[in-house]
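The paragraphs below go through one protein model, strand by strand and then across its surface. Please keep the sequence and the 3D view open while reading.

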Amino acid sequence: MKLRYTYTLLTLIIALYFVPAQAQTKKHAKKATVKTVKAKTPAKAPAKAATKTTVRKTDAGAKKLGDVVSKTSQDTTKKGGANGNNPANGGSLSEEIVVTTAYKPVLADAVKIRRNPDLEDKVPFKAPLAYAPMDKKLEQDSEIKRLDAQKRPAEQDSVLLNNYVKAGVGSMKTLFGEAYFGNGRDQALQVGGFLKHLSQSGSWDKQTESKDEVGVFIKSINSENTISGRINYKRRGVYFYGHPDSIPLTFTPQKQYFNDISGEVELAKNFKNVENDFTYSVKLNGYSFSNAFKARESNIVLSGFVNQTIKQFYTGLGASIDVANPKDSAYNLNNSILRLNPYIKFQGTNYKIDAGVTIAKEFGDYDRFFVFPAAKLEYQVIPKYVRLFVEAKGDVNRASIRDFANVNPYINQNIKLQNSVDQLDISAGLKGTLAPGLSFKAAVFRNSVKEMALFVSTQTTQGYKFDVIYDKGRSRVSGFNGELDFKATEDVNIFGRVEFKDYKMATEAQAWNLPKFLLTAGTAIHINNKVSITGSLLIRGTAYDRPFGITPGPLGTPTPNTTLLMKNREIASFADLNGGVEYRVTPVITVFAQANNILNSGYQNWVYYSNYGFNIFGGVGFSF
């Protein structure tokens, strides 16, 4: 009996020490099966028989093992029945009991952590603190500090070169040269000058033209005013080589040249964005013009304006006095005009109104007085993008030998001079920006012109020349013009202008030598920092020259013939395409090539005066 209790106690101690620790580290099992087997004992002492406990794990984990061992302290002996297991009946005492229950740990099953506290007394060392005030202003760090701008180093290609020289040669005996000079970057003073030359010779006899130009300029900017001035000299030389192809040449074309010296000086107040500002400007310009014969013309124009801003109103007065003295072998005239232009302007958020009149007074050999409207209205249909405008104006157009020669260098001597009058010019249209870089302007117009000037050809002993005639009465010109400028990037720019006109003449059958359709377009493309391409296109519609009653016999012996009247001489429509390319070899050296009349169309601007065919020239440019 003592041995049994000793064995049971030893088993319990082992179970209490190992089983709880192992059960806490493993997952719970669903069930634990405990099998208890009783040992055989003699029939004389069944109650004192030794009991042997066997524990077998079937599907339970280690966590159920504690329950099993804890149950060993209970009495697992049962009396036998009437079956063969009763020892009294000669059977064996053996019974298997299966106990299934959940594991319920108790506090005594816990494993104690043996950790002793650190009883050593340690005091950390603290150095003495020393305080010293700083003589510096405390800055607030709550705001982002502004970054100071740094100057970028100058790039080699961006260094400004003040002077430029360009020269070239080509087909048709082309000689080309240009030169530009300047004082460089100076915000207070700009001084410079330029030289230009171009000469060509075509396939016709004496089909030669030369152009020369020299100019200097100066501009001084101070705190209040800007003073600018310039002096230019132009010379143009041509021959009267025009003749019909069917007439044999029996004459030597006559030479013509034009000399034009002009100058200008202006004083203007600088713009300031201040309220109720007073602005003014005064300009003096003039020219002296002459040709190879006895034609001379001098002109002086003094003009200016004063303007006072009063809140949203701009009131002012513009005035000019234009004194001209044209003369030729047959006349010496004083053709002068005095103009006054009082106006008032009002500008709002979406609109702008200009209201005024132009008062014109002719004096000298002509004596007429006119009052014309000078009004304009602009309204923003789509703010910042599209504006609607309407304009009405009028003026006196002074007849000038210089202006006629610049348009047509083949004019005759002693051309008639008579001022034409724009009685009323009305236009309306839209302008603005359709997309970034794409601007446009489109308008319809109707002009009433009195004494409209026209060029007509005439046969002389020196060849075909052009006289100036005037449509007696009021002529009406109506039409449409449109402009488009597309700047896709800083390196691509395309622009163009188209114009349609319809003429209703008072006395003349046609608007002689005036085309009804005109288109001009161009482009400038910078492929990279070395290669640039330019191009231009001109398309002109059909024009007509007035017939005249002179027998087209051999030049030099014109014979009046009142019975022979030639048909209208047609000047066919044409297209003129030009292109150029420039290559930058180094930052200071460039090479270029220019091709004119690429389509090689034998067109005429003036009857019997064919233009140059396809020609090309090129050269070198140098910057310094």
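G522 stands opposite S536 in strand β23. This pair belongs to β22 and β23 (residues 531–540), which run antiparallel and are paired over nine bridges. Strands here are DSSP runs of E with at least two residues, helices are runs of H or I with at least four residues, and both are numbered from the N terminus. Two strands are said to pair if DSSP finds at least two bridges between them. β22 and β23 form a hairpin, with four residues between the strands.

The model is a predicted one: local features need pLDDT of at least 70, side-chain atom pairs count only at pLDDT 80 or more, and totals for chains, interfaces and linings use all residues. Residues are numbered from 1 along each chain as its sequence is written, and side-chain values use heavy atoms, with hydrogens and water left out.

β22 (residues 517–526) also pairs with strand β21 (residues 492–504), again in the antiparallel sense and over nine bridges. Within this pairing, I494 has T523 of β22 as its bridge partner.

Strand β10 (residues 278–291) is joined to strand β11 (residues 296–310) by 13 bridges, and the two run antiparallel. S281 is bridged to F305 in β11. Four residues separate β10 from β11, and the two strands form a hairpin. β11 is also paired with strand β12 (residues 313–328), antiparallel and over 15 bridges. Here the partner of Q308 is T315 in β12. The hairpin of β11 and β12 has two residues between the strands, and K311 takes a positive phi near 55° in it.

Positive phi values also turn up in two loops. N276 has a phi of about 55° although it is not a glycine, and its place is in the loop between β9 and β10. N276 counts as partly exposed because its relative accessibility is 37%. For this label, buried means under 20% relative accessible area, exposed means over 50%, and partly exposed is in between, with a 1.4 Å probe and protein chains only. N414 likewise has a positive phi of about 55° without being a glycine. N414 is found in the loop between α3 (401–407) and β18 (420–435), and at 31% relative accessibility N414 is partly exposed.

Next come the charged side chains. Side chains of opposite charge can pair when their charged atoms come close. A salt bridge is counted when a side-chain nitrogen of Lys or Arg is within 4 Å of a carboxyl oxygen of Asp or Glu. By this rule there are 20 salt bridges.

How far apart are the closest N and O atoms of E224 and K272? They are 2.9 Å apart, and the two residues form a salt bridge. This pair links distant parts of the chain, 48 residues apart: E224 is in the loop between β7 (208–221) and β8 (225–239), and K272 is in the loop between β9 (255–269) and β10. E224 is partly exposed at 36% relative accessibility, and K272 is partly exposed at 32%.

D277 and K269 also meet in a salt bridge, at 3.4 Å from N to O. D277 is buried, because its relative accessibility is 10%, whereas K269 is partly exposed at 22%. In a further salt bridge, between E490 and K487, the closest N and O atoms are 3.8 Å apart. E490 counts as exposed at 65% relative accessibility, and K487 as partly exposed at 40%.

Last comes the surface. V165, F181, L195, V214, Y583, V585, I589, V591, V620, F622 and F624 make a nonpolar surface patch of about 850 Å². The elements that give two or more residues to this patch are β29 (589–596) and β32 (615–623). Patches are made of residues with over 30% relative accessible area and no salt bridge; like charges are joined within 9 Å, and nonpolar side chains (Val, Leu, Ile, Met, Phe, Trp, Tyr) within 5 Å. Accessible areas come from the Shrake-Rupley method with a 1.4 Å probe, and for residues only the protein chains shown count as cover. One member, V591, is found in strand β29 and is partly exposed at 32% relative accessibility.
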